[in-house]
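Subject: Structure for you to look at

Dear colleague,

Please find below the structure that I am handing over to you. I would be glad if you read the notes after it with the structure open.

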Amino acid sequence: MRRSAPGVRIKAALRVWQRNATVYKRTWKLNILPNFFEPFLYLLGMGLGLGAYINEMEGMPYIEFIAPGLLISSIMWGATLETTYNVFVKMNFDRIYDGILSTPVNPKDLALGELFWGATRGSIYGGAFFSILLTFGMGFHWGILLIIPLLFIIGFMFATIGLLFTSVIKEIELFNYFFTLFLTPLFLFSGIFFPMTQLPEPIQIIAWFTPLYHGVELSRGIFNQLWSIELVHHFLWILVVTVLNTIIVLRSIHKRLYR
Amino acid sequence: MTSTTSIIKAQGLTKIYGDLRAVNNIDFQIEPGTCYGLLGPNGAGKTTVMRMIYCATPLSSGQILVNDLDVMENMSAVKRNIGVVTQDDSLDYDLNVINNLLVYARYYDLNRDQAVQRAEELIEFFQLGEKRLVNVRTLSGGMKRRLQIARALINKPNVLILDEPSTGLDPQARHHVWAKCHELIEQGVTLLLTTHYMDEAEQLCDRLAVMDRGNIITEGSPWELIKSEVSPQVVEVRGDGKYRDSILLAVKNQIDFHEALSDRLLLYAADVNPVHAQIQEMNLPLKTLLSRRSSLEDVFLKLTGRELID
């Protein structure tokens, strides 16, 4: 006797977000520092180290070429870590969801709350990175502020991707596959470190279907004020994938937690 | 019983997992302000019944109404009036005692003032004041259980569901939990609990359903069940070994029926004094020979041929 699942309630989802925020608030000072170190290390190692050998990439200093993409990848890592390992532990080991789901909060509300939170964590990672870039030398222009809403939207997209994987796996070890075989290749082959045009055409086509690529292109366009209709295309790609994936992942979590 | 409207009504309740009929077409009703117990061994289907009532798992068929609301149609509204205490604690280990209550209150949309007031009342009622700011990881088993019950009551539900409320607790903590349950019943809260402890069922429950393999095999008040299903008294013999047949032969006209278990022999009768005397006269080297009042344990044994805790 399957009846249609109840709709999702934003207010209930925000309660779940608040719960995570309450936990985070307790340790945020400890938690947030690595978010600032990480961009430093990347920019130092890749930008100055590698950059000493590569003078220019597409007409800009190497450090400036990679910075906008690294920013987006930091959102990716932040949001997916949250909706993979952290959600899995809350769901299966700490039994926190058993407690939450015996209140008026339903599985879909819970899932949406975790997506909001994953997007928030992604925004914190990306926001820290962004502030470092602005503080140390990336030229400011008003258009660059477009990055701020993107932090959350791109964070949300990666949160849905992580949560979808979490909703179907039974063993925590399987996350290794997700990170090594999915996120790491994205990190390396989405145009962060070299232009995609350098790769064979089939790989470029594959890249079009992956999420990080569009974020990187969008970010680099905004940073360097390369305004074009293509930026709108990248943005729409992100929006459509996020919406579709949200619908799928809410159903998937409902199925996982209400059976 | 007076004709009150039942607070929980289950009809044709069935849960199927693959090939397993975990709950097999059962009916029951629970009257407001009473304590109803589901009794049975592990795997009888008790927990599944409860999970269906508090919307943690969908029904395969049948219907449950809680406060006249269908659990499949009105999940959030049903859950708003039910407090749940699961068997393995589902406390939030990332939060301290007071925040476990305050964060939980938010799921019910209580505002900050209401939440603080309610949390303080509950902390006092369950005597957790000293532990207010302590991480729940460091609480004793009894305190964790009390905090879980407190948390379940944050929205003043009229139904409280407890899955094995005293399993794993030391005797003192068990009695503390039972005392609190009695107080809640007096306050008008309806309790539904599962247990495989007979003393717990006898202590707390107004009515009981005895479950076995997904079915309710009998239902009634503890005293009714003992009266109707077994004889009032029993002689328990241990170490009877090779003498079993001769004992049975000697007392067969004085007992109503018997249960022959691997480790003991149970002889049931309205009055067991003559049986006891008879066996004593045989002067056998028995380990134990004792007479006692019949209990729910005996009811279960009689109905299923099995003991409750395997």
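Predicted model: local features only at pLDDT ≥ 70, side-chain atom pairs only at ≥ 80, totals over all residues.

Residues are numbered from 1 along each chain as its sequence is written, and chains are lettered from A and ligands numbered from 1 in the order in which they are written.

The predictor assigns the complex an ipTM of 0.90 and a pTM of 0.91.

Between the chains, 22 residues of chain A and 27 residues of chain B take part in the contact, where two residues count as in contact if their C-beta atoms, placed from the backbone, lie within 7 Å. On the side of chain A that touches chain B, the elements giving two or more residues are α1 (10-49) and α3 (96-101) of chain A; helices here are DSSP runs of H or I with at least four residues, numbered from the N terminus.

Chain B itself is divided into domain 1 (1-81 + 157-230), domain 2 (91-150) and domain 3 (231-293), with bounds that come from an automatic or database domain assignment. The C-alpha centres of domain 1 and domain 2 of chain B are 25 Å apart, and their contact takes 9 residues from domain 1 of chain B and 7 residues from domain 2 of chain B. Helix α6 (residues 171-186) of chain B gives the most to the domain 1 side of that contact, with 4 residues.

With best wishes
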